[in-house]
Amino acid sequence: MFKTIANAFKIKDIRKKILITLLLLLIYRLGCWLPAVGFNTDAIVGNNGTFGFFDLMDMVSGGALQNCSVFALGVSPYITASIVIQLLTVAIPALERLSKQGEDGRRKINLYTRIAALVLAIAQAVGIVVAYSGSFDTNNVLWAGAPTWLIGCGIVLILVAGAMLTVWIGERITDLGVGNGMSLLIFVGILSSAGSSIKKAIELSISNVNNLWFIALFIVAVVLIFALIVFVDGAERSVPVQYAKQIKGRKMYGGQSTYIPIKVNGSGVMPIIFASALLSFPQLIMSFWPNSGAYQWYTKWLGSGSWVYIVLTAVFILLFAFFYSKITFDPDDISKRIQQQGGFIPGIRPGKPTADHLRKIAGKITLFGAIFLAVIALIPSLAFKAIGDATQASVLINAFSATGLMIVVSVALELDKQLEAQMLMRSYKGFLN
């Protein structure tokens, strides 16, 4: 990948896009450290554990959530809105028709996604203000001694504006930069969180030299997990397809062989995100009443780290992996298109037998991918907790969670492919030259 970036800098147009991307990412990171007016940041940072169920959001935003900065919400409202709209596209016929109307349909769906992101940003901002209502700084505002409700409204406006500005920065990276802007913002946020967590873990080890072996063992484990994720991310099952020769007029068409690629981990990190969101959502709602018995019970038995939480996470990952596979891979539609184009899978009759064959293969591949996701999501956390002290282990686990590792690998591989494609497009001169 470093070689690809070095070669990309040699091309003027791509170098300009990379520099624009770096500038926009720098603006985003500055916003992540700019505190929102009205919060006592020192009180929030020192209040460990208050926002434990928002670990994923904090990791994606690069620590901006914990510090309650202007970009505290990051891209999480937009990502959640995109997932919701994608699911509704399958369930609502009107949205499905829009998705098939080309550029105009995609523009309308993007508008609906932004509106949904705005609504989610308002809801999340209100939740943060309610959770941190005891950390308001009434002196550090334009109107000293202003009522609490007015300060809360101002903070909500700041957080919502920051979330929508983050969406704008991501779209500008997509249009003017190297592309895939939202993913790059998440990528930078995760790397920033990982760097801060590793620094904190090393500081803990300096006070106790005997814990240095834990750091070394953790680094080896992370490298092995990275290698496994890269290996599985590129793994796929190729189903061969043969197209019969057809004579139309005086020309002959078809006769070539191709294949249908079915990725082992076609759903990516979506099952992990769905499972985490489903288990943390009740805790998010009950956190508005932290002294209630329901919140205490849920935190004890279904909180992060409990055995019930681990088992339910594995089950939900398996279920959501099959669900996501169902909505993204339709064997009946693929079989119909192959038959219409005069193709067939060798040894399989066209029509329903082809659809059943593809469904059987997709089921086996999805099962393997779901088991892989469950292992990646659960085994590292259990192993790191077992071999190290609780404080240091929790710091390092937050640095490299399963979701963070997979997002970093996926975005890095996608960025490498995009740069190579842009360089190939500019170096290709065509047959006229």
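This is a predicted model: local features need pLDDT of at least 70, side-chain atom pairs count only at pLDDT 80 or more; totals for chains, interfaces and linings use all residues.

Trainee: Which residues is asparagine 180 in contact with, leaving aside its neighbours within four places in sequence?

Mentor: They are Thr174, Glu414 and Gln418. Asparagine 180 and glutamate 414 are 234 residues apart in sequence, yet their C-alpha atoms lie 8.5 Å apart.

Trainee: And where does asparagine 180 lie?

Mentor: Asparagine 180 sits in the loop between α8 (148-176) and α9 (181-207). Helices here are DSSP runs of H or I with at least four residues, strands are E runs of at least two, and both are numbered from the N terminus.

Trainee: Which side chain does the side chain of asparagine 180 join in a polar contact?

Mentor: That of serine 183, at 3.1 Å. A polar contact is a pair of N or O atoms within 3.5 Å; within protein, one must be able to donate a hydrogen and the other to accept it, and residues adjacent in sequence count only if both atoms are side-chain atoms.

Trainee: How exposed is asparagine 180?

Mentor: Its relative accessible area is 26%, so asparagine 180 is partly exposed. Buried means under 20%, exposed over 50%, and partly exposed in between, with a 1.4 Å probe and protein chains only.

Trainee: Changing topic, which residues of helix α14 are buried?

Mentor: In α14 (residues 331-340), they are Pro331, Ile334, Ser335 and Ile338. Seen down the helix axis, these buried residues fall within an arc of 100°, so they line one face of α14. The arc is taken over the directions from the helix axis to the C-beta atoms.

Trainee: What does the face of α14 turned away from the buried side carry?

Mentor: The exposed residues Lys336 and Gln340.

Trainee: What is found at the start of α14, and just after it?

Mentor: At the start, a side-chain oxygen of aspartate 330 comes within 3.3 Å of the backbone nitrogen of aspartate 332. Just after α14, glycine 342 has a positive phi of about 75°.

Trainee: Finally, how many helices and strands does the chain have?

Mentor: The chain has 17 helices and 5 strands, and 43% of its 433 residues count as buried.

Methods: Residues are numbered from 1 along each chain as its sequence is written. Side-chain values use heavy atoms; hydrogens and water are left out. Contact means heavy atoms within 4.5 Å.
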